[in-house]
Amino acid sequence: MGKKRFGVAVAVAFLALIHFSVSVPFVMLHGISADCSDETNSNFTQLLINQSGSQGFCLEIGNGEEDSWFKPLTKQVEIVCDQVKEKKELHEGYNIVARSQGNLVARGLIEFCDDGPKVYNYVSLAGPHAGISSVPFCGVFSNGVLCDKADNLMETLGVYTETVQNLVAPSGYVKIPKDIAAYVKGSKYLPKLNNEIPNQRNATYKDRFSDLDNLVLVMFEDDKVIVPKESSWFGFYGDNATAEEPVLPASQTQLYTEDWIGLKTLDNAGKVQFVSVPGQHDVMAIPDVMKYVVPYLQNNSSSVQRLN
């Protein structure tokens, strides 16, 4: 009897040390003028589920399309933070795929979501991480009533005014190079997200972002929506530069050299992939999806204790 108990105890201890391959779920965050139920995003989410073999969820914010324009990004992040913490499938951690404006929600989820589960891998498709350099949006982002309303507010009242910042989501990441002082003072979202505000840099945001296992930044070579397109790699114009001046690569920006959010830390650790693919804004060929997105959604090796 004693030998049998000893054998069971040894077996339990052995199993506790084995690394099992477990499937980490993912969430998908769509861009502006879109919703999870539209054909593009529902098909894309299902493609990722089918090809990765992992559970996936498109997280919706309010009513989708309208709220993507007129709900401030800070509020959008609060909503998805609550969704992630409530979804039991994500409690042990998850991966993120985000498209266009959805990337700024994704990064807010990583940096601002207190007591949220760990994010392992983050794949960014056409994210305006360093901002966009101008308005208007109509004819670029989309056309229609919502776009016209947003443009009218920004152009009439001013992009960095309190009213516009509280009403128009994209105003939170407009960064006009010749008006950096107004941007830092008036923009309510991107300066905080990128830790750009002097004397207010938050080490927690940097710690959380640099805790990623992998960061994949995909830029689209013919992108005319994200201006400059290098913003998808955290590149941007220098302060007070004109649109005719060359874009600074990420590695030459203060955000990188002074490591405000941990991008340099991740890059030095070999955890950042700067990927350039052919195509217009956020239009990704399936072979590129298979090469640059799917592998980061497949099984992660994790230590799991199995005691029964």
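Which residues form one aromatic cluster? F112, Y189 and Y205 do. This is a predicted model, where local features need pLDDT of at least 70, side-chain atom pairs count only at pLDDT 80 or more, and totals for chains, interfaces and linings use all residues. Residues are numbered from 1 along each chain as its sequence is written, and side-chain values use heavy atoms, leaving out hydrogens and water.

**Confidence**
- The chain has a mean pLDDT (the predictor's confidence in each residue, from 0 to 100) of 87, and 84% of its residues reach 70 or more.
- Residues 1–21 stay under 50, with 16 contacts (heavy atoms within 4.5 Å) beyond four places in sequence.
- Residues 301–308 are also below 50, and this stretch has 15 contacts beyond near neighbours in sequence.
- Where pLDDT is low, the predicted coordinates should not be read in detail.

**Aromatic rings**
- The whole structure holds six aromatic pairs. Rings of Phe, Tyr and Trp (its six-membered ring) pair if their centres lie within 6.5 Å; planes under 30 degrees apart are stacked, over 60 edge-to-face, the rest tilted.
- W233 and F274 are edge-to-face, because their ring centres are 5.7 Å apart and their planes stand at 75 degrees.
- W233 sits in the loop between β6 (214–220) and α11 (254–257) and F274 in strand β7 (residues 272–277), so the pair ties together parts 41 residues apart in sequence. Helices (H or I, at least four residues) and strands (E, at least two) are DSSP runs, numbered from the N terminus.
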